[in-house]
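Please open the structure in your viewer and keep the selection panel at hand.

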Amino acid sequence: MKKMIFTVFVLSASMLSVMAQTETVVIKTNLFCDHCLRCESCGPRIEIGLISQKGVKQVQIDDKNMTVTVRFNPEKIQPDAIRQALASQGFDADEIKAIPQAYNNLDACCKKKE
């Protein structure tokens, strides 16, 4: 019985430790597509590009407020690296501008209408 209680305690402590190792960053971006979450290009490009980064746990796109909320493990990735990853997908990320070549590769609906 003592062994089982100890095991439950260790597992609970481990789970709390993992949960405590996440932080959230909200990144202002440029989402010009009016259907970003349904678009075959915008949404998946952002989600896959960020989720593939080591330490990124969750990505949530808010197309109305033009933000991307990312939950991440700060021991594995930092907010600036997340911003760089978003910029490499062709989208601005706070003060970091989209990489021009990546932006040029976006579908027309994802680009700013001039």
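A residue is called buried under 20% relative accessible area, exposed over 50%, and partly exposed in between (1.4 Å probe, protein chains only). By this criterion, buried residues make up 34% of the 114 residues in the protein chain. The model is predicted: local features need pLDDT of at least 70, side-chain atom pairs count only at pLDDT 80 or more, and totals for chains, interfaces and linings use all residues. Residues are numbered from 1 along each chain as its sequence is written, and side-chain values use heavy atoms, with hydrogens and water left out.

Begin with the cartoon view, which shows four helices and three strands in the order α-β-α-β-β-α-α. Helices (H or I, at least four residues) and strands (E, at least two) are DSSP runs, numbered from the N terminus.

Next, select I46, L50, V68, V70, I82 and L86. These have the most contacts inside the largest nonpolar core, which has 21 residues. Such a core is a set of buried Ala, Val, Leu, Ile, Met, Phe, Trp, Tyr and Cys residues joined through side-chain atoms within 4.5 Å. Elements giving two or more residues to this core include helix 2 (42-51) and helix 3 (79-87).

Now centre on L50. Leaving aside neighbours within four places in sequence, L50 is in contact (heavy atoms within 4.5 Å) with V56, V59, V68, V70, I82, A85 and L86.

Finally, display helix 2 and helix 3. Their contact is made by I46, G49 and L50 of helix 2 and I82, A85 and L86 of helix 3.
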